[in-house]
Amino acid sequence: DAYNECYETYGNDYDWFLFFDLDEFMFINCEPRLHDYLSRNEFDEYDMIHLNWVLFGDGGQAKSDGRQLLQRITTPIDFGIKTTYDFPDNFHIKSIIRGGLDNVKWNATSHTPVNNLKCCNSFGIACDGNTPFVPYDFRNAGLRHFSTKTAEEYALKIKKGFPDGNPITKENMIKTFFKRNEVTEEKVNIFKEVNGVDMSYLLPHKFDGEKRKDVRIYSL
């Protein structure tokens, strides 16, 4: 609703609108400035540009050490990691939309408006604008997406809840966190304390018993 209101109110006042979240940081490798990038000839015939995520995890930290986000978490997680679909999470996109268009509406997803806008990827190559997924390629530009940050920060995010009423459970959110970050006892304890969810079953289990010497197993 906020995206729709923004575009309806200011759609004719600007050349481009960048619809990103506060934990998403755009980077450009092919031009020195954003203005230069959006002025490239390959974008002239398009209404919308889709930029891929570059997902970042917790950087091996359980809690924030007080530094700015871009300083303390500097290495992205595995580009090919899959947590929800049968394709990498970095196929997710966010949208840059040209101003002055008619019938720009978000309804199914906040990642892209679904109304058949002429869309391209970060290279100016045509792609389907009605889906929030595009095979990733970060050579020109992309979005550093700090999807979890640390366990401490993610636990507080879960505690706030979703403004759009997302039905995902706390446990499933934490499972997603641990699909993108190492499971440690310290992190598990943070989620248990802040969110009341015990995820200790995800911890690696150690065998503390004594091996019996009188049992042998043969397999053919």
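For what follows, a residue is exposed when its relative accessible area is over 50% and buried when that area is under 20%. Keep in mind that this is a predicted model.

**Exercise 1.** Find which residues of helix α1 are buried, and work out why they sit on the same side of α1.

*Solution.* 
- Start with the list: within α1, residues 2–10, the buried ones are Y3, N4 and Y7.
- Next, look down the axis: these residues span an arc of only 100°, so they share the same side of α1.
- Finally, check the partners: the buried residues of α1 pack against β1 (16–19) and β4 (93–98).

**Exercise 2.** Work out which parts the salt bridge between E45 and K118 ties together.

*Solution.* 
- First, the contact: the two side chains meet at 3.0 Å, N to O.
- Then place each end: E45 is in the loop between α2 (34–38) and β3, while K118 is in the loop between β4 and β5 (119–120), so the pair links parts 73 residues apart in sequence.
- As for solvent, K118 is partly exposed, at 41% relative accessible area.

**Exercise 3.** Say how exposed each partner is in the D137–R139 salt bridge.

*Solution.* 
- The side chains of D137 and R139 meet at 2.7 Å, N to O.
- D137 comes out partly exposed, with 24% relative accessible area.
- R139 reaches 59% relative accessibility, so R139 counts as exposed.

Methods:
Residues are numbered from 1 along each chain as its sequence is written. This is a predicted model: local features need pLDDT of at least 70, side-chain atom pairs count only at pLDDT 80 or more; totals for chains, interfaces and linings use all residues. Side-chain values use heavy atoms; hydrogens and water are left out. Buried means under 20% relative accessible area, exposed over 50%, partly exposed in between (1.4 Å probe, protein chains only). Helices (H or I, at least four residues) and strands (E, at least two) are DSSP runs, numbered from the N terminus. The arc is that of the directions from the helix axis to the C-beta atoms. Contact means heavy atoms within 4.5 Å. A salt bridge is a side-chain nitrogen of Lys or Arg within 4 Å of a carboxyl oxygen of Asp or Glu.
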